[in-house]
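Welcome, and please take a moment to look at the model below. The report that follows walks through it step by step.

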Amino acid sequence: MAGGNERSMKALKEVWKRAENSLCADCGKPDPDWASSTLGVFICLSCSGIHRNIPSISKVKSLKMDYWNDAQVQFLAKHGNAVTKAIYEAHIPIYYYQPTYNDCQVLREQWIRAKYERKEFTEPGKQLPYSDGVKEGILWKRGRDNGQFLPRKFLLSEREGCLKYFTKQDAKEPKINIKIDVINATFQPEKIGNPNGLQITYLKDNKTRNIFVYHESGKEAVDWFNAIRSVQFHYLKVAFPIASDNEIKNRLTRNFLKEGYMEKTGPKQREAFKKRWFTLDHRRLMYFKDPLDAFAKGEVFVGSGENGYSVQRGLPSGTQGNFSWHYGITIVTPDREYLFTCETESDQLEWIRAFTSVINQAMTPQEYASKCLDAVSFPS
């Protein structure tokens with residue numbers, strides 16, 4: 001802390017050491033080493049960059065490299081993460097997604113701006129742009145066949161319990177009408193190639209379908225995301241009246257456990273291994289020829305250990321299919337074994353960790369009922 005006098009340095013360290021300030025106030029990352037001298041919160045380097053973009057609200061400084069005068073240190077001591085969060089996070093809707101340091105830039109930036117710039121959570125009952133139960137607007141949607149993004153009208157309705165999109169502004173009938181309880185939404189900026197890219201997945205005939213969209217405005221993209229969560233939450237409150245708010249919250253949108261390329265072989269295990277893009281969405285392991293495919297080419301159900309599922313490192317001895325990647329994974333189910341290969345050992349270990357986390361969880365009655373997916377064949 002260049003230039004700081006000994007008294008200020010000591011006082012700053014004392015405030016910094018408080019347990020409440022051991023995690024970033026905005027994303028929860030451990031050991032934050034920046035702070036806002038105007039808000040009084042301790043934040044990580046990444047979040048400090050977002051704060052720096054709203055200088056009228058937040059002035060950020062390094063706790064290690066910058067000088068803090070006595071008045072600034074006293075301000076930090078008076079506030080800190082606990083006091084400031086009690087003000088700016090006093091009335092967060094239960095369905096609102098609070099991002100972590102693992103989440104993408106647009107989610108973290110809009111969370112920070114919602115708190116400190118727009119002050120969306122300081123007053124009870126405040127009307128929010130994603131809490132009306134209905135949202136209508138234009139999103140740029142990727143064409144299923146040509147891959148071109150075109151503007152499409154989307155309509156989200158809590159009363160109807162669905163999300164629709166229309167190919168034309170004045171169209172009376174939607175191209176697709178999706179029930180709200182089968183929707184998942186997750187930000188995928190790298191996959192979609194846009195910082196505000198959102199992947200909407202839904203079930204149709206017990207098969208997963210993908211829609212890829214974005215909006216030029218990060219705020220609008222995040223508002224759509226939280227509007228979907230809001231409608232889902234109120235729909236599920238009616239559908240499961242005895243469930244707690246937290247139980248319902250856990251049923252809302254979720255990030256995929258793992259995505260990436262692996263090679264796979266067919267059910268006879270004598271065919272050549274083919275490179276495919278895999279997505280693990282809890283107990284659904286789906287694969288696609290291309291990451292932006294609208295439809296999965298195949299799915300397999302990943303059950304629990306107590307129901308006969310396991311994951312093993314490597315391939316069975318005598319595997320006959322030709323493969324170019326040499327880090328094998330075998331998923332054992334009650335009916336058959338599924339064989340995969342990864343390009344690197346680190347990929348192999350990450351996939352094994354993801355599969356193990358699912359297999360170690362007991363199955364719910366709903367998941368047990370859906371295990372028929374395990375019988376889905378793996379074509380090429």
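## A first stop: Asn255

Asn255 is partly exposed, with a relative accessible area of 40%. You will find this residue in the loop between α8 (245-249) and β11 (258-264). Setting aside its neighbours within four places in sequence, Asn255 is in contact with Tyr97, Asp103 and Thr186. Lys297 is 42 residues away from Asn255 along the chain, and the C-alpha atoms of the two are separated by 21 Å. Please keep in mind that everything described here belongs to a predicted model.

## The whole protein

Let us step back to the overall picture. The protein holds 10 helices and 17 strands. Its C-alpha trace spans about 75 × 55 × 45 Å along the principal axes. Of the 380 residues, 48% are buried. The accessible surface comes to about 18,400 Å², and carbon and sulfur atoms account for 49% of that surface. What share of the contacts between residues at least 6 apart in sequence join residues at least 24 apart? In this protein the share is 54%.

The protein is divided into domain 1 (1-117), domain 2 (134-250) and domain 3 (258-376). Between the C-alpha centres of domain 1 and domain 3 there are 42 Å.

## Annotated spans

UniProt, in an unreviewed entry, places the feature "domain: Arf-GAP" at residues 6-129. The feature "domain: PH" is placed by UniProt, also from an unreviewed entry, at residues 132-233 and 255-360. The table sets out the computed make-up of these spans.

| Residues | Helix | Strand | Distance between end C-alpha atoms |
|---|---|---|---|
| 6-129 | 40% helix | 6% strand | 48 Å |
| 132-233 | 20% helix | 46% strand | 13 Å |
| 255-360 | 14% helix | 38% strand | 19 Å |

## Helix α5

Now for a helix. Helix α5 covers residues 105-117, which makes 13 residues. From its first C-alpha to its last it reaches 17 Å, close to the 18 Å expected at 1.5 Å a residue. Is helix α5 largely enclosed or largely open? Of its 13 residues, 10 are buried, so α5 is largely enclosed by the rest of the structure. Those buried residues are Val106, Leu107, Arg108, Gln110, Trp111, Ile112, Arg113, Ala114, Lys115 and Tyr116. Their cover includes α2 (45-52), α4 (80-88), β8 (183-187) and α7 (218-239).

Not counting residues up to four places away in sequence, Lys115 touches Ala25, Asp26, Tyr88, Glu89, Glu120 and Phe121. Just after α5, Lys119 takes a positive phi of about 50°.

## Strands and their partners

We turn to the strands. In general, strands of a sheet pair through backbone hydrogen bonds, either parallel or antiparallel.

An open sheet is formed by 3 strands in the order β2-β1-β3, with antiparallel pairing. Strands β2 (42-43) and β3 (60-62) stand at the edges, each with a single partner strand, so one side of each is left without a neighbour in the sheet. Strand β1 (residues 34-36) is joined to β3 by 3 bridges, and Trp34 stands opposite Ser62 in β3.

Strand β10 (residues 207-214) has 7 of its 8 residues buried, so β10 is largely enclosed by the rest of the structure. Which way does strand β9 (residues 198-204) pair with β10, and over how many bridges? The two pair in the antiparallel sense over 7 bridges. They form a hairpin with 2 residues between them, and Asp205 in the turn has a positive phi of about 55°. Lys204 has Lys207 in β10 as its bridge partner. Strand β4 (residues 134-142) also runs antiparallel to β10, joined by 2 bridges, with Trp140 opposite Tyr214 in β10.

Finally, strand β14 (residues 298-301) has Gly298 and Val300 pointing one way and Glu299 and Phe301 the other way, and all are buried. Strand β13 (residues 284-288) pairs with β14 in the antiparallel sense over 4 bridges. Within that pairing, Tyr287 stands opposite Gly298 in β14.

Terms used. Residues are numbered from 1 along each chain as its sequence is written. This is a predicted model: local features need pLDDT of at least 70, side-chain atom pairs count only at pLDDT 80 or more; totals for chains, interfaces and linings use all residues. Side-chain values use heavy atoms; hydrogens and water are left out. The expected span of a helix is 1.5 Å times one less than its number of residues. Buried means under 20% relative accessible area, exposed over 50%, partly exposed in between (1.4 Å probe, protein chains only). Contact means heavy atoms within 4.5 Å. UniProt positions are given in the numbering used here, feature names are shortened, and annotations may be inferred rather than shown by experiment. Two strands pair if DSSP finds at least two bridges between them. Domain bounds come from an automatic or database domain assignment. Accessible areas come from the Shrake-Rupley method with a 1.4 Å probe; for residues, only the protein chains shown count as cover.
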